Amino acid sequence: MRPDILNPLFAELTSLKGIGAGLAKPLARLKLERVKDLLFHFPSYFVHRRAVDGLDDAQIGETIILSVDVLDHRSGGSARSPLRIHAVDARGDVVSLVFFGRNSGWAKKQLPVGEARRITGKLEAYGQERQIIHPEVVDGDHSVPMVEPVYPLADGISNRRIGDLVRHAMERAPAFPEWIEPSVKAKFDWPGWQEALIAAHQPDGAAGQARLAYDELFSNQLAYLLVRAASDKRRTFPIHGDGRLVDALTLPFALTGAQARSINEIEGDLQQERPMLRLLQGDVGSGKTAVALMAMLRAVESGRQAALLAPTEILARQHLASLRELAGSLPVQIEILTGRDKGRVRESTLMALADGSIDILIGTHAIFQEAVRYKALGLIVIDEQHRFGVSQRLLLANKAERPPHLLAMTATPIPRTLTLALYGEMDVSVLDELPPGRTPVETVVISDEKLPDIVAGIGRHIQAGGQAYWVCPLVEENDASDLAAAEERAAMLTLRFGNRVGLVHGRMKGPEKDAVMERFSSGELSLLVATTVIEVGVNVPNASLMIVEGADRFGLAQLHQLRGRVGRGSAKSTCVLLRGGSLSETSRARLALMRETNDGFRIAEEDLRLRGAGELMGTRQSGEEGFSVANEEQVRELIGYARDDARMLIERDGGLEGPRGEAARIALYLFERDSAVRTLRSG
Ligand code: ADP
Ligand code: MG
């Protein structure tokens, strides 16, 4: 249960004075729902006001307070042009006060012609004139703060109103006992929580804000470690395996050193009674499938079943095909179950799973629905982990009474700092070596004005028996206009290449999509126009040319994933990145990096540097691990300290029962890591 001291902070915002249902809505749009949300709603910047005697004393761009006499009101001709009110200062210099839309009615009343008023606003230049847009009138009882916070813009609620609410919320913020390790706190010279909070809402509050950022990272790391500790306490069936499958397996290649090392690490985990929680990180094409297969065969050898969870239907089917091929003539039953399987097929799969005749089940999330019963599930493999949220992976791991071992895989290379922030409860194996004999994909960046040349190039490529992908950008998922663009592109290419062109996109139904993919992989289609649905996993080795339209609109990690679809066969592959006309410096740098390197880790590092962790993390998973206080730099700088701090605390007081443990519980609740606290009792 949440400690009572936190109750005022977790109250609904409507419990604050003056917040009714009307305000609750615009606040909810800002993700402000409870009192504590306001505490962490920091100003974007501060306005500093200065009282001046005349306009000539002020700089353009400055926010001033000034006494004026109102000269005249001039409404523009049309309804949409603004109201301009002319006013003079004490020296006779003129300033235009500009009001748009509904504000003009208010302005006419507040600034009557011939009257003196005191106003405040930001002085701007407008041609030869000086103007202030939407000045405030500060006469009478209204006084205006000389330094005022400006909060992120919101519809339906004024900045000052938000400021008031934040202040009300702050009044409810209690002093908490300290949860930060004293040496860390001293090292950074951080204030206590309450003081930090107050500082973070004021100018020059960097140290306060940093401390709160640390609190967030600390609770993130502490939560991971608690979850891990709880998982470690559980007992599962150790998987030894007698070698009858693994030894009989004949792969068409020798394992890379990295694969062998990872398999070793995994086998070491599997032999424990403690359930494995391991992340296998390996760039596109590094051979994660073979590693997963070995692990799953070990499970089967020891009389247990394995399940492989894929993010998409296409990928599940591809895994089925490649695992069956790799497993060759081994006596293992590999089947598939997806949301598409209905009726008798589904029933018979479920029965075979329950009676143990299926050894390895591949599928989408359908394989973990309530109705799906395994005879003896010993290992879960999750492909493309970043497509699934944290709660999902924990739920998976915790469903069975004896939790299965868990192997998560990701092709998105993640810088180490982010691995801690995103997968902090997992052990990590890295495939940092590509199988030999790969010719790196050559990447070129070309202006989209050269489209006709590109199309001609594709013609020659297809003529020579090659296959190609054409990727259309999908800027926002579910955006119908992107789909229309892809359809239009497909139509244009069909005009040129006839029925050798196919189209796949995210709105297609599974069977439709698979049918097109199948025709592409069998060679019936030469050119596949696709939105980013082909991003993960698709494997057609004969396809050695990829065109990415609007490449500057993709994230680097995503481009890297896309590019991984080519370069899978023996032929030299090319990836053409088509860019728009005017590019920002950053876009230019990013595309240049793609041209320069095929190293996924380097790309991830640079992407992080160029775009910031928030965005990188946002595209990576469902947002649960996103940080609301800590920024990218702080994640990098502080996460290691937070990790050590959390680890030391758990070593000393695993139940969080001592004074610092109690305090740390408060931090966990404050950042809504309730499920981590719950592990304390169940353990
Ligand atoms: P990913 O890590 O992207 O899932 P895959 O497991 O799909 O990579 O492997 C990519 C390709 O490399 C497959 O065709 C696979 O058969 C092949 N491969 C995997 N391991 C090796 C190896 N050690 N030597 C040569 N080829 C390999
Ligand atoms: Mg894969």
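The legends below describe close-up views of a predicted model. Local features need pLDDT of at least 70 and side-chain atom pairs count only at pLDDT 80 or more, while totals for chains, interfaces and linings use all residues. Residues are numbered from 1 along each chain as its sequence is written, chains are lettered from A and ligands numbered from 1 in the order in which they are written, and side-chain values use heavy atoms, with hydrogens and water left out.

**View 1. Surroundings of ligand 1.**
Ligand 1 is surrounded by 15 residues, the closest being A254, G285, K288, T289 and R438; a residue is near a molecule if one of its heavy atoms lies within 4 Å of it. A polar backbone atom of A254 is 2.8 Å from a nitrogen atom of ligand 1. At Q259, a polar side-chain atom lies 2.8 Å from a nitrogen atom of the ligand. G285 places a backbone N or O atom 2.7 Å from an oxygen atom of ligand 1. Taken alone, ligand 1 exposes 570 Å², and the protein buries 77% of that (Shrake-Rupley method with a 1.4 Å probe; for residues, only the protein chains shown count as cover).

**View 2. The salt bridge between E672 and K36.**
A salt bridge is a side-chain nitrogen of Lys or Arg within 4 Å of a carboxyl oxygen of Asp or Glu, and by this rule the count comes to 38. In the pair E672 and K36, the closest N and O atoms are 2.8 Å apart. Helices (H or I, at least four residues) and strands (E, at least two) are DSSP runs numbered from the N terminus. K36 is buried at 5% relative accessibility, whereas E672 is partly exposed at 43%; buried means under 20% relative accessible area, exposed over 50%, and partly exposed in between (1.4 Å probe, protein chains only). A network of salt bridges links R34, K36, D37 and E672.

**View 3. The salt bridge between D232 and R274.**
The closest N and O atoms of D232 and R274 are 3.8 Å apart in this salt bridge. Because D232 lies in helix 8 (residues 206-233) and R274 in the loop between helix 9 (257-270) and strand 9 (277-282), the pair ties together parts that are 42 residues apart in sequence. D232 is partly exposed, at 22% relative accessibility. R274 is also partly exposed, at 31%.

**View 4. The salt bridge between E313 and R340.**
An N to O distance of 2.9 Å is found where the side chains of E313 and R340 meet in a salt bridge. E313 is in helix 11 (residues 313-327) and R340 in the loop between strand 11 (334-337) and helix 12 (343-354), so that distant parts of the chain, 27 residues apart, are linked. E313 is buried, with a relative accessible area of 16%, whereas R340 is partly exposed at 29%.

**View 5. E148 and two arginine side chains.**
E148 is in strand 8 (residues 147-150) and is buried, with a relative accessible area of 8%. Its side chain makes polar contacts with the side chains of R49 (2.9 Å) and R160 (2.6 Å). A polar contact is a pair of N or O atoms within 3.5 Å; within protein, one must be able to donate a hydrogen and the other to accept it, and residues adjacent in sequence count only if both atoms are side-chain atoms. Leaving aside neighbours within four places in sequence, E148 is in contact (heavy atoms within 4.5 Å) with Y45, F46, V47, R49, N159 and R160.

**View 6. W179 in the largest nonpolar core.**
A nonpolar core is a set of buried Ala, Val, Leu, Ile, Met, Phe, Trp, Tyr and Cys residues joined through side-chain atoms within 4.5 Å. The largest has 94 residues, of which W179, W193 and L222 touch the most other members. Helix 8 gives the most to this core, with eleven residues. A second, separate core of 40 residues includes L249, L280, L308 and A316. Beyond four places in sequence, the contacts of W179 include W193, F218, R660 and L670.

**View 7. The loop at P135.**
P135 is in the loop between strand 6 (129-133) and strand 7 (136-137) and is buried, with a relative accessible area of 2%. P135 and G121 are 14 residues apart in sequence, and their C-alpha atoms are 4.6 Å apart in space. Apart from neighbours within four places in sequence, P135 is in contact with L97, V98, F99, W106, I119 and T120.
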